[in-house]
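Reader: I am new to reading structures. Can we walk through this one step by step?

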Amino acid sequence: MSGFWPVVLSEGGLVLRPLRRQDAKEYVEVRRHNAEWLLPWEATNPDPGYSLPAFPTLRRLLNGQARQGLLLPFAIEVDGRFRGQLTVSSFQWGSLMSATAGYWIDERVAGRGIVPTAVALATDYCFSGLGLHRMEINIRPENAASLRVVEKLGFRDEGIRERYMHIDGKWCDHRTFALVAEDVPFGLLDAWQRTRNRSERDFG
Ligand SMILES: CC(C)(COP(=O)(O)OP(=O)(O)OC[C@H]1O[C@@H](n2cnc3c(N)ncnc32)[C@H](O)[C@@H]1OP(=O)(O)O)[C@@H](O)C(=O)NCCC(=O)NCCS
């Protein structure tokens, strides 16, 4: 699919871009540093023989799926350093025009409004660049930090999906949140920047 990928989006010191071969060292360091912090929220594979591939294979797989129009697998770069990932997946075209976003960030830069800004950039690209109509985010009800991300961005709570996704080795309930293009006529980044409080203005 042409014009879908690669994509680079940015706002202040935040850049969303494809994973690069040169990210390997920072990726390994960030994942190691945040292993405990990410564990309760990370999607797992119900196949007990599965393990997350090492970075070079992971990067190849993600970028390969992006070239086929199946994923937008962004690296989150903050002030020139790899700090996390935001992946848009589950594209549904035709009468739905919908996709789902997932994300994580290095605890050392948490609390600065980076992920809300990243979600806003990616959503605006999906709505304006790809013509999607709906962006969905699924969150465990226990994940207070992630619930704040969608709350601050104005996503609507669509309710609980029981035992929806395999997380940290078990099937976990999730709340589904969604936003449609009509909710943000001037874009989600614009709406987010208008509402965010002063202490979060590191990235915009
Ligand atoms: C959820 C997450 C992506 C939020 O990213 P972020 O860039 O820190 O987002 P924000 O800056 O908007 O902070 C969101 C909330 O996190 C909480 N928070 C702030 N600093 C924090 C810190 N140092 N440690 C933990 N939580 C923090 C606050 O409740 C904040 O809400 P507030 O703005 O009302 O204070 C991030 O916490 C994370 O990666 N968590 C682990 C993985 C995960 O949960 N992924 C999402 C799965 S659905």
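Author: First, a term: helices and strands are DSSP runs, a strand having at least two residues in state E, and they are numbered from the N terminus. Keep in mind that this is a predicted model.

Reader: Which strand does Gln-92 lie in?
Author: Look for the strand that spans residues 81-92. Gln-92 lies in that run, strand S4.

Reader: Is Gln-92 buried, partly exposed or exposed?
Author: Count the other C-beta atoms within 10 Å of its own: there are 14. Buried needs 20 or more, and exposed needs 12 or fewer. The count of 14 therefore makes Gln-92 partly exposed.

Reader: How far apart in space are Gln-92 and Leu-70?
Author: Along the sequence they are 22 residues apart. In space, C-alpha to C-alpha, Gln-92 and Leu-70 are separated by 9.7 Å.

Reader: Which residue in S2 stands opposite Ser-10?
Author: S1 pairs with strand S2 (residues 14-18) over three bridges. The sense is antiparallel. Opposite Ser-10 stands Val-15.

Reader: Which residue in S3 is the bridge partner of Arg-17?
Author: S2 and S3 run antiparallel, joined by five bridges. In S3, the partner of Arg-17 is Ala-75.

Reader: Which residue in S4 is the bridge partner of Ala-75?
Author: Strand S3 (residues 72-78) pairs with S4 in the antiparallel sense, over seven bridges. Pro-73 has Thr-87 as its partner in S4. For Ala-75, the partner in S4 is Gln-85.

Reader: Which residue in the turn between S3 and S4 has a positive phi?
Author: S3 and S4 form a hairpin, with two residues between them. The positive phi is about 45°, and the residue is Asp-79.

Reader: And in the turn between S4 and S5, which residue has a positive phi?
Author: S4 and S5 run antiparallel and are joined by seven bridges. The hairpin has five residues between its strands. The phi of about 65° belongs to Gly-94.

Reader: Why is S3 largely enclosed by the rest of the structure?
Author: Check both faces. On one side Leu-72, Phe-74, Ile-76 and Val-78 are buried, and on the other Pro-73, Ala-75 and Glu-77 are buried. S3 is largely enclosed because the number of its seven residues that are buried is seven.

Reader: Which element gives the most residues to the shell around the ligand?
Author: The ligand is surrounded by 21 residues, and the closest are Trp-41, Ala-110, Gly-111, Val-115 and Ala-145. Elements giving two or more residues are helix H2 (35-38), strand S5 (98-105), helix H4 (114-129) and helix H5 (144-153). With five residues, the element that gives the most is H5.

Reader: How many residues of the shell around the ligand are nonpolar?
Author: Sort the shell by class. Four residues are polar and three are charged. The number of nonpolar residues is 14.

Reader: Is Ala-24 buried, partly exposed or exposed?
Author: Ala-24 is placed in helix H1 (residues 24-33). Beyond four places in sequence, its contacts are Phe-55 and Pro-56. It has 16 C-beta neighbours inside 10 Å, so Ala-24 counts as partly exposed.

Methods: Residues numbered from 1 in each chain as written. Predicted model: local features only at pLDDT ≥ 70, side-chain atom pairs only at ≥ 80, totals over all residues. Pairing = 2+ DSSP bridges. Helix = DSSP H or I, 4+ residues; strand = E, 2+ residues; numbered from the N terminus. Near = placed C-beta within 6 Å. Nonpolar A, V, L, I, M, F, W, Y, C, P; charged D, E, K, R; others polar. Contact = placed C-beta atoms within 7 Å.
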